[in-house]
Amino acid sequence: MNYAIFSENTKMADIILSNSRLLYVLPYFEINLGFGEKTAKQVCNEKNISAPLLLFVCNIYTFDDYCPDSLALKQIPIEGIIKYLKNSHKDYLEVRMPQIIENILNLTNICHLKNENILNSFCEKYKQEVITHFKYEEEVAFPYIIELLNGRKTGNYKIKEYESNHSDIDTALNDLKNIIIKYLPQECTIEKCREILLNLFMFEYDLSKHTLLEDKILISLVSNIERNTNETF
């Protein structure tokens, strides 16, 4: 790697200035702007946030080939990951998705009825897929993980079921982008579609990092706990 990854001593403002996409990440940690000259570690200490988790997220959002070593991964608290994921779910469902859907529905006002029905139907279908995806995580997978962390082995559920039930909401989002890019009538000019598409691309990117955190980090860490738990019983 020929770049300098963010560390605890990196100023928080410099991290955000290095990558504007991280403005979407701050709410997931319940962090506001106004860092002054504080470092990432100082901000985390004030907010009672795991610095290893914050830095991991900032690094994977900024450097596509970033890969932490095993020691760094062990420092990331599973409880912190779950809280981060829950906060991101809340932001997706209550802020970002409603804004995107509203903008798309506004666009349909200038489209032919056929296109309007297609977009409206697809938006509603996608919304329900995302809701189902997050509901499974929050009502099944996350409670199981918390029980496991508390030393309680409940039922026959395994974290691999979480992995196998991980619906591909990224594919549906890509389909929505394709509909807008390929099939809208000419009166839906690029000027009218550009902001919507940029928001969709950003949302897709955010979801890809969200999935990476779940699949590559959370599931891996929980699998290790399961193995140790099975050895105990």
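I started with Cys67, which counts as exposed because its relative accessibility is 60%. My cut-offs: buried is under 20% relative accessible area, exposed is over 50%, and partly exposed is in between, with a 1.4 Å probe and protein chains only. Before going on, I noted that this is a predicted model, where local features need pLDDT of at least 70, side-chain atom pairs count only at pLDDT 80 or more, and totals for chains, interfaces and linings use all residues. Residues are numbered from 1 along each chain as its sequence is written, and side-chain values use heavy atoms, with hydrogens and water left out.

I then looked for disulfides (cysteine sulfur pairs within 2.5 Å) and found 0 in the structure. Cys67 is in none; its nearest cysteine sulfur belongs to Cys58, 17 Å away. I also checked Cys193, which is buried at 5% relative accessible area.

Next came the helices, taken as DSSP runs of H or I with at least four residues, numbered from the N terminus. In α2 (residues 40-47), I found Ala40, Val43 and Cys44 buried. Down the axis of α2 they fall within an arc of 100 degrees (directions from the helix axis to the C-beta atoms), so they line one face of the helix. Asn45 and Glu46 are exposed on the other side of α2. The buried residues of α2 pack against α1 (12-18) and α3 (51-62), contact being heavy atoms within 4.5 Å. Just after α2, I saw Asn48 with a positive phi of about 55 degrees.

Last, I looked at α8 (residues 169-183), where the buried residues include Ile169, Leu173, Leu176 and Ile180.

How values were computed:
Helix = DSSP H or I, 4+ residues; strand = E, 2+ residues; numbered from the N terminus.
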